[in-house]
Amino acid sequence: MGAVARLAGRPEEPRDECAVVGVFAPGRPVGRVALAGLIELNHRGQESAGIAVADGARFAIAKGAGIAEVVFTFNREVPELPGQRLAVGHDRYSTSGGACDAQPLEFNGLVIAHNGHLTNAAQLREEYRPPSVDGARPESDTAVALQLLCHTAGRTPTERLLAGVRRLQGAYAMVLATADTLFGVRDPHGFRPLVLGHTDGGWVLASETAAFPRMGATYEREIEPGELVAIDERGVTSYALAPLSPAPLARCIFELVYVSRPDSCTFGRWVEPFRRRTGEMLARKAPVRADLVMAVPRSGIAATVGFAASEVARGLGVAYEEGLLTNAYAGLASGFRTFIRPTGRDAAAVIKYSVVEPVVRGRDLIVVDDSVVRGSFRHVAAKLRASGARSIHLRIASPPLVGGCRYGVDFGDGELLAHQLPAVEDRARRLGVDSLVHVSWRELVQAAVDEELPPGADDDPEVFARHGFCGACFTRRYPTEETGAIPRRVAAAAERAGGDAADTWLRPPT
Ligand code: SF4
């Protein structure tokens, strides 16, 4: 990751959503395996890509600006060493900070790649100030964490990491390496995903299972919240970060809503069926007579499929049609996902979508998207109207976003449309749509756990905590205080949940 508070004109401090990968497979082209993972996970970060390989004694590192395939096709060679045994890779999503913050970062024989955001980075920075690199000083929380870890005492690298990582607060899924051992670690709340896979002659780590097929790996299990694994010739050794005081789970539900790829198994559940369930709920919740249901591609497609497959939609004769297209060949250099673009999101929203005019002209449309963040859908609505759409009924497969994320996803309070305009009618007007409907807190959690929840949970902001999720951007009920302390209400909700909060998170994909 690498959050830096230097972006001019941004209402909030930028945050990152990144991808991390790790490979331990002596004698194999580990840098190329890492690259395969980075390419598959580029939806998580497109501003820089980097790979570090090690041979047991030293590292070779290459990184550059842009998406992984472009960086390592046109700008950089994939690093290689004779006798190489492990690799660490990172796709970065942050604008600021400059080249010295691109990851993986290396200091004193320790390499780090980080996804998340450390909430105590400012305090730690007073103690552990990163040194300048080629005249520029890294500013990210990851650079601070690296200094802390390098300056923590211990008899072995594993002991040092265990002691150092225990001082980090907030969200982190990290891949680290010394020259001969690969490490993976996930914060005790489990905000960000990290999965372990088995490959010919070794092991891989990745932010999402979608990376595994191209890396030649098969899914083994999740790295558990609060677990550190060390991977070397002896295999995978697991350590607990805080065995005496397990933290309440707070898995980022926005990973399921938007961030993860639909073919990933994140937090032990497939993303695609989760999104379909949210679409079915939307269809049931606010039936409307329309000529068709269409998606905002790509992140709205799975929910739209669920919507169209529902009994309600079939009963009304509302079928799925493709009314919006994105150009698969545009954005290679600048990045594809509108939401995680640091700048120019409105301009990107205007050029990103093409309207299929014969589909929309003179027709009443139901349009499904995963979320409304800053409201750039208004440009899409304007294009649909210009192409002759008669009415637009917008259906959103998540609740209104009202609070900024402290744990690694790039939005702050002030820029969220639902924060600016709490009334749904006002937001519908701003977006230029005839009606606007969201799934509720309960429905979102229900889709995640795939079981019926009582209707009262619609008004219960702790419904996320009770099921082991963070949903603070929807409720403004953060699972940790700024200090890292656990609010009493969160601890109580987790306690009431009993074993429920840990429901299926260790279930392997089937
Ligand atoms: Fe995820 Fe929202 Fe929580 Fe951030 S605030 S970790 S985006 S659920």
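Q: Which helices and strands do the buried residues of H9 pack against?

A: First, the ground rules. This is a predicted model, where local features need pLDDT of at least 70 and side-chain atom pairs count only at pLDDT 80 or more, while totals for chains, interfaces and linings use all residues. Residues are numbered from 1 along each chain as its sequence is written, and side-chain values use heavy atoms, with hydrogens and water left out. Helices (H or I, at least four residues) and strands (E, at least two) are DSSP runs numbered from the N terminus; contact means heavy atoms within 4.5 Å. Now the case itself: the buried residues of H9 pack against helix H8 (271–285) and H10, plus the strands E17 (292–295), E18, E21 (364–369) and E22 (391–396).

Q: How many residues of H9 are buried, and which ones?

A: Buried is under 20% relative accessible area, exposed is over 50%, and partly exposed sits in between (1.4 Å probe, protein chains only). In H9, 7 of the 9 residues are buried, so the helix is largely enclosed by the rest of the structure. The buried ones are Ile301, Ala302, Ala303, Thr304, Gly306, Phe307 and Ala308.

Q: Take one of them: is Thr304 buried or exposed, and what does Thr304 touch?

A: Thr304 belongs to helix H9, residues 301–309, and it counts as buried because its relative accessibility is 0%. Skip the neighbours within four places in sequence and Thr304 has contacts with Val293, Met294, Ala295, Tyr320 and Val368.

Q: What does the picture look like for a loop residue such as Val318?

A: Val318 sits in the loop between helix H10 (311–316) and strand E18 (319–320). It is buried, at a relative accessible area of 4%. Leaving out residues up to four places away in sequence, Val318 touches Val288, Ala290, Leu292, Val293, Ala308, Ala313 and Ile366. One of those, Ala308, is also among the buried residues of H9.

Q: On to sheets: what is the strand order in the open sheet of 7 strands?

A: The general idea is that strands of a sheet pair through backbone hydrogen bonds, either parallel or antiparallel. For two strands to pair here, DSSP must find at least two bridges between them. The open sheet reads E3-E2-E4-E1-E10-E9-E11, with antiparallel pairing. At the edges stand strand E3 (59–65) and strand E11 (217–222), each with a single partner strand, so one side of each has no neighbour in the sheet. Neighbouring strands are turned by 15° against each other on average, direction ignored; the axes are lines fitted to C-alpha atoms, for helices over the stretch in contact, and angles run from 0 to 180 degrees between N-to-C directions.

Q: How many bridges join E1 to E4 and to E10?

A: E1 (residues 19–24) runs antiparallel to E4 (residues 86–92), with 6 bridges, and Val20 has His90 as its bridge partner in E4. E1 and E10 are also antiparallel, joined by 4 bridges, with Val23 partnered by Val204. E1 is mostly covered, with 6 of its 6 residues buried: Ala19, Val21 and Val23 on one side, and Val20, Gly22 and Phe24 on the other. Further along the sheet, E9 (residues 195–199) and E10 (residues 202–206) are antiparallel with 5 bridges, and His198 has Trp203 as its partner in E10.

Q: How many residues lie between E5 and E6 in their hairpin?

A: There are 2 residues between them, and Asn108 in the turn has a positive phi of about 50°. E5 (residues 105–107) and E6 pair antiparallel over 3 bridges, with Glu106 opposite Val111. E6 also pairs antiparallel with E7 (residues 170–177), over 8 bridges; there, Ile112 has Leu176 as its bridge partner. In E6 (residues 110–118), 9 of the 9 residues are buried, so this strand is largely enclosed by the rest of the structure.

Q: And the ligand: which residues surround it?

A: A residue counts as near if one of its heavy atoms lies within 4 Å. The shell holds Arg192, Cys252, Ile253, Phe254, Cys405, Tyr407, Val409, Cys470, Gly471, Ala472 and Cys473. Helix H7 (253–259) and helix H18 (472–475) are the elements that each give two or more residues to it.
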